[in-house]
Amino acid sequence: MFTAALTFSQWGWMEKLSTIWIPVCMFGGGALILIAAFSAIYQQRSLMKKWFLGISITLIAVATISGLVMWHLIQPYRTLLPYVSARVRVEKVELGRLVPLDGNEVATMSRLNNWRDLDKLPMYKRQTVSQPVNYLGQSNDTEYFELANKIFSFSGKIQTAPGKKTELVGYRFTVSDRRYTKLGFIDPYNISTTALAIAPAQKKRTYEPPSTVKVHYLQQDGGQWLGENDGSVDDPE
């Protein structure tokens with residue numbers, strides 16, 4: 001049995017089993033059952049009826065056993081498949097071929113901070129990235145900082161910065177094997193925000209945004225930076 005760290009070759013043939021050969025066994029087995037039933041009902045010659053039934057039952061057994069074996073073999077693929085979203089795969093497999101996803105779905109999912117899902121996928125590696133921001137202070141458990149001449153509020157995870165500057169911290173994901181791009185996987189453009197790292201000397205600051213100032217949110221106006229609220233398909237509803 002394979003582990004979650006599937007190789008490109010393993011992913012590829014498991015996907016073929018799942019999308020081509022298992023359906024072939026299912027539909028083929030169903031067709032054979034119909035043939036066996038009709039031959040049993042309408043075949044008049046007993047010898048021919050026995051031959052039809054024997055061959056049909058044998059083929060049904062072969063198709064069933066083959067389907068069950070393939071179903072068992074693709075379990076690592078099926079376990080990982082729920083974590084594959086339109087944020088990282090812009091084409092889906094239909095009847096053994098790749099079909100582009102709807103552009104609106106891809107655009108919507110590109111703003112989803114689901115780094116915990118991407119972290120489980122064998123075709124992606126992550127890199128920690130950071131960007132300095134101008135920290136303004138805190139008010140009512142909300143942090144405020146300035147980035148790209150905009151004032152942002154932040155209510156996510158807080159940690160201590162290693163240096164003298166406050167910075168946004170997050171993950172950038174890239175394809176670990178470029179062959180996956182032939183299967184519709186991409187390098188996500190946006191960065192998954194994981195924390196705001198505040199410089200120790202700035203932690204005591206307080207700040208109340210003036211009523212004349214527009215406060216922005218990373219989810220809408222953070223550029224490459226996604227909102228601080230992350231999610232996963234594993235989260236209970």
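These legends describe close-up views of one predicted protein model.

Residues are numbered from 1 along each chain as its sequence is written. In this predicted model, local features need pLDDT of at least 70 and side-chain atom pairs count only at pLDDT 80 or more, while totals for chains, interfaces and linings use all residues; side-chain values use heavy atoms, with hydrogens and water left out.

Figure 1. Helices (H or I, at least four residues) and strands (E, at least two) are DSSP runs, numbered from the N terminus. Of the 237 residues, 39% count as buried. Buried means under 20% relative accessible area, exposed means over 50%, and partly exposed lies in between (1.4 Å probe, protein chains only). The protein exposes about 14,000 Å², and carbon and sulfur atoms supply 59% of that area. Accessible areas come from the Shrake-Rupley method with a 1.4 Å probe; for residues, only the protein chains shown count as cover. Among contacts between residues at least 6 apart in sequence, 76% join residues at least 24 apart. Contact means heavy atoms within 4.5 Å.

**Figure 2. The open sheet with the order β3-β8-β9-β7.** Strands of a sheet pair through backbone hydrogen bonds, either parallel or antiparallel. Here, four strands form an open sheet with mixed pairing. The edge strands are β3 (124-132) and β7 (158-160), each of which pairs on one side only. From one strand to the next, the twist averages 35°. For such angles, axes are lines fitted to C-alpha atoms, for helices over the stretch in contact, and angles run from 0 to 180 degrees between N-to-C directions. Strand β8 (residues 167-175) pairs with β9 in the antiparallel sense over five bridges. Two strands count as paired if DSSP finds at least two bridges between them. Val169 has Ala195 in β9 as its bridge partner.

**Figure 3. The open sheet with the order β4-β5-β6-β10.** This sheet also has four strands, and its pairing is mixed. β4 (134-139) and β10 stand at the edges with a single partner strand each, so one side of each is left without a neighbour in the sheet. β4 pairs with strand β5 (residues 142-147) in the antiparallel sense over five bridges. One of the bridges joins Tyr135 to its partner Phe145 in β5.

**Figure 4. The loops on either side of β5, with Asp141 and Ala148.** Asp141 is in the loop between β4 and β5. Its phi is near 65°, a positive value in a residue other than glycine. Asp141 counts as exposed because its relative accessibility is 67%. Ala148 is in the loop between β5 and β6 (150-154). Ala148 also has a positive phi, of about 55°, although it is not a glycine. With a relative accessibility of 62%, Ala148 counts as exposed.

**Figure 5. Thr142 and Tyr207, two buried residues.** Thr142 lies in strand β5, and Tyr207 lies in the loop between β9 (192-198) and β10 (215-216). The two residues are 65 apart in sequence and 9.4 Å apart in space, C-alpha to C-alpha. Thr142 counts as buried because its relative accessible area is 19%. Tyr207 is buried too, at 17%. Leaving aside neighbours within four places in sequence, Thr142 is in contact with Gly137, Ser153 and Phe154. With neighbours left out in the same way, the contacts of Tyr207 are Leu136, Gly137, Gln138, Ser139, Tyr144 and Ile151.

**Figure 6. Aromatic rings around Tyr180 and Phe185.** A search of the whole structure finds ten aromatic pairs. One of them is Tyr180 with Phe185, an edge-to-face pair at 5.7 Å centre to centre, with 85° between the planes. Rings of Phe, Tyr and Trp (its six-membered ring) pair if their centres lie within 6.5 Å; planes under 30 degrees apart count as stacked, over 60 as edge-to-face and the rest as tilted. Tyr180 is buried, with a relative accessible area of 2%, and Phe185 is buried at 1%. Ring pairs link Phe8, Trp11, Tyr77, Tyr124, Tyr180 and Phe185 into a cluster.

**Figure 7. Arg126 over the face of Tyr171.** Arg126 lies 4.0 Å from the centre of the Tyr171 ring. A charge sits over a ring if NZ of Lys or CZ of Arg is within 6 Å of the ring centre and within 35 degrees of the ring normal.
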